[in-house]
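Please brief me on this structure.

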Amino acid sequence: MKNIDVCLTPDLLHLHNIDNSIVIIADIFRATSCMVTAFAYGVKSIIPVETVEECKNLQEKGYIAAAERNARKVEGFELDNSPFSYMNEKLIGEKIAMTTTNGTYSITKAKASAVKVLAGSFLNLNAIVTYLKTQPYDVLVLCAGWKGRVNIEDTLFAGALIAALEDEYFVPEDSAIMSLRLYNQAKDDLIGYLANSSHIRRLQNLGIHKDIAYCLQKDLYDVVPILRGNELVNL
């Protein structure tokens with residue numbers, strides 16, 4: 001039986017063997033939610049990079065560039081880290097370079113060893129579930145967290161994915177069991193459960209209330225972003 005596990009922060013990824021695993025990156029607030037939304041609205045591809053400098057270099061080569069640090073847009077870039085920024089017909093068919101505080105960092109950490117790397121969110125939860133059921137590999141949900149720290153929203157997504165797959169995957173480790181139990185407590189009121197979480201407070205201080213509600217909606221899009229080389233594309 002295949003295993004499904006959870007890495008609660010990218011700083012712990014070195015403790016996991018992912019040579020036979022599909023890694024699902026979860027940065028619910030907001031990078032992977034942005035990626036899913038971008039593909040749903042017609043973006044051709046996204047190049048996730050770790051640093052602002054790499055993103056700037058791609059911008060200079062003609063890519064539309066999105067850069068976020070500390071939940072704010074970096075000056076000099078076209079796009080921020082709000083999913084609503086990607087609901088723009090001008091982006092249809094475009095290639096985007098993206099760097100974020102946690103999400104793109106997590107992708108760069110995972111891509112060297114994982115069998116496949118996908119971007120997951122509540123917005124495409126069922127699409128990810130459906131795809132994984134066709135695959136022979138183990139699964140690791142890599143929670144992007146916040147600057148190496150654990151956060152609740154990414155852990156809740158991990159639990160939601162496990163809840164949808166627990167009949168087909170063995171759940172061997174405590175981090176996965178904890179994620180599942182947390183999700184079962186929270187699933188009927190995700191916004192309420194997250195009300196006092198650190199990143200919710202961080203975003204609310206920036207006035208980004210609508211992003212929070214949007215990113216916690218389930219199954220809006222039949223989108224599966226997958227890393228092909230250095231680019232995310234929609235399957």
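Strand β2 (residues 21-26) and β8 run parallel and are joined by six bridges. The model is predicted. Strand β8 also pairs with strand β1 (residues 2-7), again in the parallel sense, over four bridges.

- Strand β8 spans residues 138-143 and is mostly covered.
- Five of the six residues in β8 are buried.
- Val141 in β8 stands opposite Ile24.
- Val141 in β8 also has Val6 opposite.

**Helix α4**
- Helix α4 covers residues 125-132.
- Like β8, which is mostly covered, α4 is mostly covered, with six of its eight residues buried.
- The buried residues in α4 are Leu125, Ala127, Ile128, Val129, Tyr131 and Leu132.

**Ser175 in helix α6**
- Ser175 sits in helix α6, which spans residues 174-186.
- Is Ser175 buried or exposed? Its relative accessible area is 14%, and the cut-off for buried is under 20%, so Ser175 counts as buried.
- The side chains of Ser175 and Asp5 make a polar contact of 3.3 Å.
- The Ser175 side chain also reaches the backbone oxygen of Val6, at 2.6 Å.
- Leaving aside residues up to four places away in sequence, Ser175 touches Asp5, Val6 and Leu8.

How values were computed
Residues numbered from 1 in each chain as written. Predicted model: local features only at pLDDT ≥ 70, side-chain atom pairs only at ≥ 80, totals over all residues. Heavy atoms only, no water. Buried < 20%, exposed > 50% of the residue type's maximum accessible area, 1.4 Å probe, protein only. Helix = DSSP H or I, 4+ residues; strand = E, 2+ residues; numbered from the N terminus. Pairing = 2+ DSSP bridges. Polar contact = N/O pair within 3.5 Å; in protein donor to acceptor, adjacent residues only side chain to side chain. Contact = heavy atoms within 4.5 Å.
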